[in-house]
Amino acid sequence: MAEISPKILIPESFQLSTGDIAEQIGLIWKLIKAPLIVPLLNLGVYVCLAMSLMLFVERVYMGIVIILVKLFWKKPDKRYKFEPIQDDEELGGLNFPVVLVQIPMFNEREVYKISIGAACGLSWPSDRLVIQVLDDSTDPVIKQMVEQECQKWTSKGINIVYQIRETRGGYKAGALKEGLKRSYVKNCEYVVIFDADFRPEPDFLRRSIPFLVHNPDIALVQARWRFVNADECLLTRMQEMSLDYHFKVEQEVGSATYAFFGFNGTAGIWRIAAINEAGGWKDRTTVEDMDLAVRASLRGWKFVYLGDLQVKSELPSTFKAFRFQQHRWSCGPANLFRKMVWEIATNKKVKFWKKVYVIYSFFFVRKVIAHMVTFLFYCVVLPLTIWIPEVEVPVWGAVYIPSIITILNSVGTPRSVHLLFYWILFENVMSLHRTKGTLIGLLEAGRVNEWVVTEKLGDALKKQEAAKKANVKAPRKFSFRFKFADRLNILELGFAAFLFLCGCYDFVHGKNNYFVYLFLQAITFFITGIGYVGTII
């Protein structure tokens with residue numbers, strides 16, 4: 001039988017030679033472009049436009065409601081019964097409820113004194129206040145420092161307890177749960193939680209506890225965060241812009257309309273009975289605070305947000321710490337959504353429209369769509385359309401809707417409106433990590449339960465600067481030396497290269513002038529890729 005040549009089985013147009021490989025690749029591209037690539041990219045555009053519209057409607061709705069709330073809604077002390085608790089010489093502190101203050105910590109060398117001191121300075125009868133320092137530190141030196149700080153306040157007559165565990169099981173949720181099991185807690189009616197960098201004003205309890213005392217259907221009173229280091233660097237200014245919208249709009253709207261919002265994990269006061277009824281603290285996700293809030297809400301409890309009650313706190317000023325925080329904040333809610341969506345949908349104690357609000361608005365749009373559309377549309381799909389001129393993105397989807405959404409997002413921080421352009425570029429970079437975290441949470445992939453405590457620098461940098469001015473060598477609690485390789489972020493550098501190539505191609509062959517945006521976005525990815533963001537330590 002004659003030997004069959006391989007050439008008989010392969011079309012002549014695919015016979016490769018060393019001189020025309022590029023030509024053959026181009027031919028393959030032409031063959032698959034029209035039937036496969038163009039439809040897929042068109043589908044990507046339609047999906048992204050649909051997600052953009054969902055986010056646009058959500059932002060417009062929030063904008064309209066917050067205007068109505070500010071103009072016509074009654075303030076919390078008018079919507080709910082509120083009477084200040086008065087001091088009584090005859091009763092002493094007996095007319096004040098017993099309050100537990102929990103301060104969870106983990107190796108908080110730079111800030112532990114701040115939160116402990118602020119908690120001990122709260123204006124509340126000393127015999128009606130129990131302060132619990134929940135120290136999960138692994139550094140024995142730091143543990144000793146925290147314990148000595150507690151002993152110092154004990155000697156001043158403050159009822160403060162230093163609590164440690166054998167293991168860090170459950171992380172923050174485990175520490176809070178363990179703290180509530182102590183025998184001396186059984187007399188406490190309410191618990192207030194402060195993270196280690198939070199510093200409440202002395203009147204914090206007097207302005208918040210009355211809502212719980214006089215309204216038995218309220219489970220949570222949440223205060224607003226105020227950032228003491230917002231002006232430290234551009235990274236902290238960007239964070240302030242995002243978080244101010246969250247507190248001034250999202251939390252306010254949730255409180256005023258459905259008496260529901262996500263507990264922020266700190267600077268809030270819980271009714272202990274509500275925690276117990278909801279099933280207590282659970283460590284099944286990295287957002288134990290949101291988990292508890294959703295479960296309590298499903299049992300009919302109401303929440304109150306006090307925008308006028310502000311607690312000072314610190315923003316992470318290093319890019320590494322911020323990345324870990326954003327992973328936890330995007331992965332956790334997505335994972336909780338996966339675990340609770342059916343429970344919410346089938347709950348019989350909550351009204352239909354509140355279910356819609358929690359499932360669609362609170363979870364799906366804000367915790368899933370908002371992250372994914374920013375990354376997929378502006379960092380993947382839109383750049384890819386540069387190479388496929390057959391796929392067009394309407395101007396309203398590429399320019400008008402994003403512009404309106406951005407303007408609506410900026411209302412929370414008017415003082416930073418001049419930074420809006422930089423904020424957009426930086427948020428697009430961070431959407432990469434948020435999308436990755438969201439997908440990990442939805443799919444319950446490898447890093448779904450990763451918990452890295454957000455590092456806080458406290459006054460370390462100020463002390464370093466003061467020491468330099470005084471020509472004194474300050475004790476080096478932080479090593480202000482770094483290796484360049486440790487700062488490199490390969491994922492960001494990869495997208496910087498991709499967007500730069502797309503920009504170059506658009507500059508030469510494009511018709512929409514997207515290259516201006518693409519070059520600027522590529523530069524932003526590159527800057528974050530080499531770690532030149534935030535405080536360098």
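**A cavity and some helix contacts**

Author: The largest cavity here has a volume of about 50 Å³, a volume being the space filled by probe spheres set on grid points joined across faces, edges and corners. A cavity is a set of points on a 1 Å grid over the protein atoms alone where a 1.4 Å probe fits but cannot get out, and lining residues have an atom within 4 Å of a point. This is a predicted model, where local features need pLDDT of at least 70 and side-chain atom pairs count only at pLDDT 80 or more, while totals for chains, interfaces and linings use all residues. Residues are numbered from 1 along each chain as its sequence is written, and side-chain values use heavy atoms, with hydrogens and water left out.

Reader: How many cavities of 30 Å³ or more does the count come to?

Author: The count comes to 1 cavity of 30 Å³ or more.

Reader: Which element gives the most to the lining of the largest cavity?

Author: Helix H6, with 3 residues. Strand S2 (129–135), strand S3 (160–164) and H6 (171–180) each supply at least two lining residues. Helices (H or I, at least four residues) and strands (E, at least two) are DSSP runs, numbered from the N terminus.

Reader: And what's the lining like by class?

Author: It has 3 nonpolar, 2 polar and 5 charged residues. Ala, Val, Leu, Ile, Met, Phe, Trp, Tyr, Cys and Pro count as nonpolar, Asp, Glu, Lys and Arg as charged, and the others, Gly among them, as polar. The lining residues include Asp135, Asp136, Arg165, Glu178 and Arg182.

Reader: OK, new topic: helices. At roughly what angle do H12 and H17 cross?

Author: Roughly 40°, and the axes of H12 (residues 352–384) and H17 (residues 490–509) come within 9 Å. Axes are lines fitted to C-alpha atoms, for helices over the stretch in contact, and angles run from 0 to 180 degrees between N-to-C directions. H12 and H17 are therefore oblique to each other; angles under 35 degrees count as roughly parallel, over 145 as roughly antiparallel, 65 to 115 as roughly perpendicular and the rest as oblique.

Reader: Which residues meet there?

Author: Phe375, Cys379, Val380, Pro383 and Leu384 in H12 meet Phe495, Phe498, Leu499 and Cys502 in H17, with contact meaning heavy atoms within 4.5 Å. By class, that contact has 9 nonpolar residues, no polar and no charged.

Reader: What about H17 and H18, how do they cross?

Author: The axes of H17 and H18 (residues 515–529) come within 8 Å and cross at roughly 160°, so the two helices are roughly antiparallel. The residues of the H17 and H18 contact divide into 14 nonpolar, 4 polar and 2 charged.

Reader: And how far apart are the axes of H14 and H17?

Author: They are 11 Å apart, with H14 (residues 420–443) packing against H17 at about 125°. That makes H14 oblique to H17. Val429, Leu432, His433 and Lys436 of H14 and Leu491, Glu492 and Phe495 of H17 make the contact.

Definitions and conventions: On a 1 Å grid over the protein atoms alone, a cavity is a set of points where a 1.4 Å probe fits but cannot get out, and a pocket is an open set with protein on both sides within 12 Å along at least five of seven lines; lining residues have an atom within 4 Å of a point.
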